[in-house]
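Open the model in your viewer and keep the selection panel at hand. The stops below say what to select and what is there.

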Amino acid sequence: MVATLLRLKLQILGNGFRRSPWQIVGLAIGGLYGLGVLVFMLIGLILLRGADTELARTILVLAGSAAVLGWALIPIIASGIDMTLDPQRFAAFGIPQRTLMTGMALAGLVGIPGALTAILSLATVIPWWRSPQEIAAALIGALLGLAGCLLYSRCAAAWGTNLAASRRFREIGMVLLIVPIMFIGPVVSTTVQGFRHASGDLSALASALSWTPFGAPWALPADVAVGDYAGAALRVVIALAALAVVMWLWNMAMVRAMVNPPRVTGGKRSAGKLGFFNVFPATPTGAVAARTASYWFRDPRYMGSLLVVPLLPVVLYLNASRQGHYDLLLIVGPLVAFLLAWSISSDVSYDNTAFALHIATGVSGKADRWGRVIGCCVLAVPAVLVLTLGSLAISHRWDLLPGMAGTCAGVLMTGMGLASVLSARYVTPVPKPGESPFKKPPGGQGLTLAVQGLGMLVLLVLCLPQGGLMIAEVITGNHVLGWINLVAGPLIGAVLLWLGVRIGGRDIERRGPELLAQLIKNG
Amino acid sequence: MPAVALRGLAKRFDEKIAVDGISLDVPVGSFFGLVGPNGAGKTTTLSMATGLLRPDFGTAHILGVDMWQDPLHAKKLLGTLPDGVRLFDRLSGEQLITYAGLLRGMDRVTVAERAKDLLAALDLTADAGNLVVDYSAGMTKKIALASALVHAPRVLVLDEPFEAVDPVSSANITDILKGFVASGGTVIISSHVMDLVQRLCDHVAIVAGGRLLAAGTVEQVRGGMSLEERFMSLVGGRHEGEGLSWLRHS
Ligand SMILES: Nc1ncnc2c1ncn2[C@@H]1O[C@H](COP(=O)(O)OP(=O)(O)OP(=O)(O)O)[C@@H](O)[C@H]1O
Ligand SMILES: [Mg+2]
């Protein structure tokens with residue numbers, strides 16, 4: 001049976017070639033590349049025979065861990081990368097679970113990455129070709145490591161497809177994508193700095209990794225070489241235990257996949273949980289506020305903005321701590337106020353054609369606009385408050401509190417005022433409901449750029465009074481400016497907010513059907 | 001005074017004239033069916049009548065109130081189920097009905113009571129707390145219908161209300177609508193299912209190519225034939241003979 005599965009996989013590979021000659025070209029290029037890597041690595045391994053045990057161990061553990069981690073992570077990143085032996089397709093055949101799993105794991109060896117990994121794993125015996133014990137240990141380590149590669153990747157793939165079938169996890173995944181995106185900068189700069197004074201760190205990293213399931217198998221022969229049999233035994237236990245856990249997890253995922261038809265949504269939830277609708281007053285304005293506030297926690301497109309709130313200060317903090325200038329942190333309050341206020345500037349576009357309900361019910365423009373502003377405040381006000389106070393505390397600049405309070409309140413209100421006008425006037429192409437927040441919708445890039453870019457510019461100009469006063473206060477150290485800011489900032493902001501809601505509300509009432517027509521056209 | 005009075009309604013999308021001067025009276029207390037082939041302009045007409053789409057020409061009055069002069073007042077009288085628009089589907093079903101009610105300015109207690117009744121009447125109680133995005137097509141139709149009913153409107157305009165709805169729910173909805181008409185309300189539905197229209201409606205209008213072909217009581221319009229036959233003869237477009245011969249296996 002296992003052999004049948006392997007043959008099936010080979011056949012699928014072969015059929016691909018028959019369908020398109022380009023697949024052969026692809027395989028040839030891949031094969032050549034793989035061959036190059038293989039030769040290069042083999043030479044390295046042979047050279048490593050001459051090196052001392054410590055160095056060989058460091059290099060093997062690092063390279064081996066990287067390989068295992070790669071196998072484990074790639075299916076998650078590129079989910080569905082190899083679904084030719086997707087367990088769900090075998091659900092109807094009633095193949096025993098154990099057979100199917102063995103076959104699927106071994107099928108990982110078929111193909112260039114699998115073959116390459118297998119050969120190189122076994123080739124790690126070369127540096128240890130010194131005594132029978134070391135050879136045996138290296139062989140056991142290689143097999144454990146290879147098994148890890150195959151099983152971790154299968155387990156990850158199984159859970160990946162499993163979770164992707166549920167809307168909730170898929171959406172959380174989409175939103176969490178923003179985390180690596182935001183941290184690319186700090187991570188790269190820290191890594192670069194780290195490498196500058198690092199060769200000692202590398203061996204430390206290797207010995208740390210050698211106690212994890214990813215590195216343990218590759219450290220085995222070095223343990224035996226230096227006579228640390230207890231250490232070697234422990235590492236075998238670590239590796240085997242991890243494999244057992246992963247097998248169990250994979251089995252669980254398979255059972256779930258086989259039993260549940262795909263796309264099962266959560267259980268039935270009955271009535272009675274009105275959430276924000278119970279919090280806000282029972283008026284049209286309150287209803288819009290409750291609806292938009294709910295959306296902040298339920299719609300991935302808003303959750304993306306939400307995630308910026310905790311991440312931005314972390315990124316800024318990392319930056320500040322490297323430069324030793326904690327005053328830089330102070331920008332976080334006004335910046336988050338700016339961004340969160342801005343995030344409702346395409347609100348109607350985000351509603352998409354669901355906005356028809358607002359027109360059909362004839363809700364007043366004022367209620368529509370104020371509701372959205374209040375819904376945004378539910379989140380924005382506490383977030384800005386906490387971040388501002390936190391940044392003042394960390395940088396020990398409590399003397400700036402009045403000015404900071406004025407700036408943040410002013411920026412928030414000004415921003416929401418402008419956003420209220422923009423979202424009532426322009427329909428911009430944005431990701432549709434249920435789509436990834438990072439999807440760039442086709443078409444209308446020009447308009448989007450103009451509205452978003454110019455709008456941000458206008459907002460910057462409108463925030464000049466507060467920003468200018470704040471900067472002047474920081475430079476001159478004259479706190480009278482701060483007290484002026486505390487009064488004038490919110491005052492100006494309030495006037496602009498009131499004006500923005502008025503203009504936007506009037507637009508909604510006058511041009512609601514035209515907005516809807518545009519939304520329908522954009523789909 | 002008719003429940004809905006359309007006069008010379010017309011709408012053009014770029015080159016395409018979707019509605020080409022439709023005048024129609026829907027009497028109070030009638031169950032009115034609007035039928036026509038795909039692309040006839042039913043959705044466009046109903047959108048203009050309900051204030052969702054501004055007409056290029058013509059007027060629409062709801063119980064004497066001009067929809068495009070006094071929209072707030074006219075919309076109060078109307079319950080609308082538009083076709084082809086999304087819902088606020090990140091709300092639970094119960095929340096969506098509540099939202100529609102509150103937007104109409106209703107008070108909390110009344111909304112809560114009616115939401116409960118509507119959910120029960122439309123067999124949605126068990127899913128009331130689930131997000132609408134996870135609903136099936138038929139459930140989505142039903143929750144949209146519930147949001148159109150919650151404020152007890154005088155006139156209901158429903159664009160394809162039975163699409164994708166299962167027979168049990170269809171029967172329940174039919175009972176609700178018949179009761180509504182019996183108590184003096186007015187219902188306008190659009191549909192492709194002639195049998196359903198003939199069974200349900202007392203008045204019917206046939207549109208095609210943006211024009212009104214026939215209107216009146218069902219008896220008048222069908223004139224002795226079945227409504228389906230009458231529809232075919234008015235609209236035309238039946239393909240006689242041996243179309244798609246390759247599809248036949250013997
Ligand atoms: N937003 C739009 N932009 C351009 N053309 C449109 C638009 N909406 C409708 N049309 C066109 O107007 C015509 C009438 O469309 P409408 O949706 O009113 O038909 P319908 O009678 O509701 O059809 P169906 O039975 O398929 O729902 C069609 O030819 C359609 O292509
Ligand atoms: Mg239609």
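Start with the whole structure, which holds 21 salt bridges over all chains; a salt bridge here is a side-chain nitrogen of Lys or Arg within 4 Å of a carboxyl oxygen of Asp or Glu. This is a predicted model, in which local features need pLDDT of at least 70 and side-chain atom pairs count only at pLDDT 80 or more, while totals for chains, interfaces and linings use all residues. Residues are numbered from 1 along each chain as its sequence is written, chains are lettered from A and ligands numbered from 1 in the order in which they are written, and side-chain values use heavy atoms, with hydrogens and water left out.

**Inside chain A**

Select D223(A) and R57(A): they form a salt bridge, with the closest N and O atoms 3.2 Å apart. D223(A) sits in helix α11 (residues 216-225) of chain A and R57(A) in helix α3 (residues 53-77) of chain A, so the pair ties together parts that are 166 residues apart in sequence. Helices (H or I, at least four residues) and strands (E, at least two) are DSSP runs, numbered from the N terminus.

**Between chains A and B**

Next, select the contact (heavy atoms within 4.5 Å). Chain A gives 49 residues to it and chain B gives 35 residues. The two chains bury about 3,800 Å² between them, 57% of it on carbon and sulfur atoms; buried area is the accessible area (1.4 Å probe) that two parts lose on being put together, summed over both.

How many salt bridges does the rule find across this interface? It finds 1. To see a salt bridge between side chains, select E514(A) and R54(B), at 2.6 Å from N to O. On chain A, the elements that each supply at least two residues to the side touching chain B are α8 (167-176), α13 (276-279), α14 (284-298), α18 (356-361) and α23 (479-522). Of these, α14(A) gives the most, with 7 residues.

**The largest cavity**

A search of the whole structure finds 8 cavities of 30 Å³ or more. A cavity is a set of points, on a 1 Å grid over the protein atoms alone, where a 1.4 Å probe fits but cannot get out; lining residues have an atom within 4 Å of a point. The largest has a volume of about 60 Å³, volume being the space filled by probe spheres set on the points, which are joined across faces, edges and corners.

Select its lining, which includes V4(B), F32(B), T45(B) and I188(B). Helix α1(B) gives the most to this lining, with 3 residues.

Definitions and conventions. On a 1 Å grid over the protein atoms alone, a cavity is a set of points where a 1.4 Å probe fits but cannot get out, and a pocket is an open set with protein on both sides within 12 Å along at least five of seven lines; lining residues have an atom within 4 Å of a point.
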